[in-house]
Amino acid sequence: IENLLSASFISIDVDDYEINIHDFWDKIELKPSFIYSTFSNILDKNNRYRLVYVFDDVIPNNSLYRKIALGIMEYIKKLDILISGNFEEAVRKMSN
């Protein structure tokens with residue numbers, strides 16, 4: 001996020017995964033502050049939802065934002081509950 005001045009939350013898109021929002025919530029220990037499905041979500045067909053992590057402290061710069069977001073994404077990837085090349089691509093883009 002090149003134009004980031006600061007943030008108090010991180011939102012992660014989960015698109016086109018095999019696991020639906022309810023199963024994801026049950027399996028993840030690092031619970032987001034809130035989770036919601038998108039308007040284009042079709043339960044158990046394309047499973048599109050957003051994870052939003054809200055923080056008490058402000059994230060003051062792009063570098064720290066990327067580190068935190070990448071850490072969350074790597075954690076989710078390690079759960080081995082999401083099977084999709086799209087998630088791998090998202091982690092790769094965030095790492096660059």
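1. Buried means under 20% relative accessible area, exposed over 50%, and partly exposed in between, with a 1.4 Å probe and protein chains only. Asn20 counts as buried, at 7% relative accessibility. This residue, Asn20, lies in the loop between E1 and helix H1 (21–27). Its side chain reaches the backbone nitrogen of His22 at 2.9 Å. For reference, a polar contact is a pair of N or O atoms within 3.5 Å; within protein, one must be able to donate a hydrogen and the other to accept it, and residues adjacent in sequence count only if both atoms are side-chain atoms.

2. Basis of the values. The model is predicted: local features need pLDDT of at least 70, side-chain atom pairs count only at pLDDT 80 or more, and totals for chains, interfaces and linings use all residues. Numbering starts from 1 along each chain as its sequence is written, and side-chain values use heavy atoms, with hydrogens and water left out.

3. Overall layout. The protein has three helices and three strands. Along the sequence the pattern is β-α-β-β-α-α. Helices (H or I, at least four residues) and strands (E, at least two) are DSSP runs, numbered from the N terminus.

4. Burial and surface. The protein has 96 residues, and 35% of them count as buried. Its accessible surface is about 6200 Å², with 51% belonging to carbon and sulfur atoms. Areas come from the Shrake-Rupley method with a 1.4 Å probe; for residues, only the protein chains shown count as cover.

5. Contacts along the chain. Take contacts (heavy atoms within 4.5 Å) with a separation of 6 or more: residues 24 or more positions apart account for 66% of them.

6. The sheet. Three strands form an open sheet in the order E1-E3-E2, with antiparallel pairing. Strands E1 (7–14) and E2 (34–37) are the edges, each pairing on one side only. Neighbouring strands are turned by 25° against each other on average, direction ignored. Pairing requires at least two DSSP bridges between two strands. E2 and E3 (residues 49–59) run antiparallel and are joined by four bridges.

7. Helix on sheet. Helix H2 (residues 62–78) packs on the sheet and touches E1 and E3. Its direction makes about 35° with that of E1. Axes are lines fitted to C-alpha atoms, for helices over the stretch in contact; angles run from 0 to 180 degrees between N-to-C directions.

8. Tyr49. This residue lies in strand E3 and is the bridge partner of Ser37. Buried or exposed? Tyr49 is buried, with a relative accessible area of 0%. Tyr49 and Ile12 are 37 residues apart in sequence, yet 8.6 Å apart in space, C-alpha to C-alpha.
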